[in-house]
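Please open the model in your viewer and keep the selection tool at hand.

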Amino acid sequence: MDATTPGPLAPDLLEREDVCRALAEHDFAAAFALIKKYGGLSQNRIASACHLTPGKVSMITSGQQQVTSFEVLCRISDGLRIPGHLLGLAPRPWESRPAQDEASQEPESERPSTNEVPWQPDATVDLAAHLTRSDLVMDRRAAARALAGAAITGAALLDPLEGWLQPSAPTTAPRRRGRLGVQEIEELESTARAFRAWDHKYGGGLRRKAVLGQLNEVAAHLDEHQSPQVEQRLYQVMAQLAGTAATMAWDTGFQRRAQTYYLLALRSSHAGRDMIFGANVLAGMARQMLYRGQPQDALELIRLAQDGARHIAGPRVRAMLHTREAWAYAAMGRTAAFQRATAQAAESLATARTGEEPYWIAYFDEAELAGTTGGRLLELARHNPKQHAEAAATEIRRALSRRGLEASRSHALDRIGLAQCHFLLGDLTVAVEEAHRAVDAARSTRSGRVRAQLGELYPYTVGNSTARPVRAVRDRIRDLLSN
């Protein structure tokens, strides 16, 4: 059962005082027992509705396990059709939308697989035009279907990318003559840069369709016969816009769509002979894989990036790639390899000079290195708090002290990470203070990644629910995540 399926609970059951009290207190041991007793639902039926295993429901009902995950809380609400206000959540989407509207969705129009598109410029232009036209007219129901699409992994993702290391296939020139000059291409480059800066500051997909509109226009210009210099720069603009579209899609949860635009960005950088930006795109794809729990795929993507840009990448790009490599090693629990790659990143960054590399890598400075390193140490600390939690907190504090106001998304992620560090260290007073700061920072960004990380902070506040300050910050986190 999902959120679009009629719920199994009778309305009068949700009006019972004991049921309402159990739900308000998140006492699911009592709530599930009452639902079984008065609602006639079996353990298996509850499990199926909430996308839980029967064993998990059994442990919750017996009091052996608490519901600490905000995601699971939402699945219980949606699966059993428990109105949000009974659980301290905002109204759930299905509360104001008839179920039959969702059931009548038509299949989304077919798109060519990017794996089947040859590595040649005209095919890349056709792909860009098709993707942007489709997405610009996508309605909310189609967007919901795209949101459910999972990113591809393994050989299906990696094997087609080998074409990035090969020269472009020959192509025929368009018949229509283009008239873009230097001034027009500079304006397009300035627009691509502005969109990238906006996304870096705020996150989320608020301007995603504006980026797609600009991307569609660039594809139209490339469908005309431009001068060789203008054409190359247009492909580079297309790559940057597609990279921003990918980040925006990913930041709002559109995993498969994000991956499609990353692939378009990689093909565009290939057509524009910009191997350095292509390496940056592969690093973005690797980061997506790391968030999806696929560190081996991420490591393969980083190695592909390093192979392609080995002799041309500047120190900031090399340092960034080393941090992605270190991230993959940390996710695998390979502490020594993580430390080696992190040291290589610091060594490369130490030789960087202002203005010597492309504008899009300028963000990677000492603050970014410290924040990324602190985040990876935090991952290690979840398995070994005594060895890594204090070091993680130190690196994250260093990042916070050096972040600029233009990086509100990174600032929020740092705050969330620092709060987790102090919970792991057992310092509840500081942990609560940092958690409040994390909520304040999260309110300033529309980033889905920030909300996901805040959801990971939520369980730390549940096990300490007897302390009033912890309950207070838990309620703030829950209120923000539910709106």
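Predicted model: local features only at pLDDT ≥ 70, side-chain atom pairs only at ≥ 80, totals over all residues.

The mean pLDDT of the protein chain is 85, with 87% of its residues at 70 or more. Select residues 1–6, where the pLDDT is below 50; this stretch has 16 contacts in the model beyond near neighbours in sequence. Residues 98–112 also stay under 50 in pLDDT, and the model gives them 20 contacts beyond four places in sequence.

Next, select helix α14, residues 275–291. From its first C-alpha to its last, α14 reaches 25 Å, close to the 24 Å expected. Of the 17 residues of α14, 15 are buried. Glycine 293, which follows α14, has a positive phi, near 75°.

Now turn to the salt bridges, of which the whole structure holds 21. In helix α5 (residues 70–80), display glutamate 71 and arginine 75, four residues apart. Their side chains form a salt bridge at 3.5 Å, N to O. Glutamate 71 is exposed, with a relative accessible area of 52%, whereas arginine 75 is partly exposed at 24%.

Proceed to arginine 257 and aspartate 135, whose closest N and O atoms are 2.7 Å apart in a salt bridge. This pair links helix α13 (residues 255–271) with helix α7 (residues 121–136), across 122 residues of the chain. Both arginine 257 and aspartate 135 are buried.

In helix α19 (residues 385–402), select glutamate 395 and arginine 398, about one helical turn apart. Their salt bridge has a closest N–O distance of 2.9 Å, and arginine 398 is partly exposed at 31% relative accessibility.

Finally, select Asp251, Arg409 and Arg449, which are linked in a network of salt bridges.

How values were computed: Residues numbered from 1 in each chain as written. Heavy atoms only, no water. pLDDT = per-residue confidence, 0-100. Contact = heavy atoms within 4.5 Å. Helix = DSSP H or I, 4+ residues; strand = E, 2+ residues; numbered from the N terminus. Expected span 1.5 Å × (residues − 1). Buried < 20%, exposed > 50% of the residue type's maximum accessible area, 1.4 Å probe, protein only. Salt bridge = Lys/Arg side-chain N within 4 Å of Asp/Glu carboxyl O.
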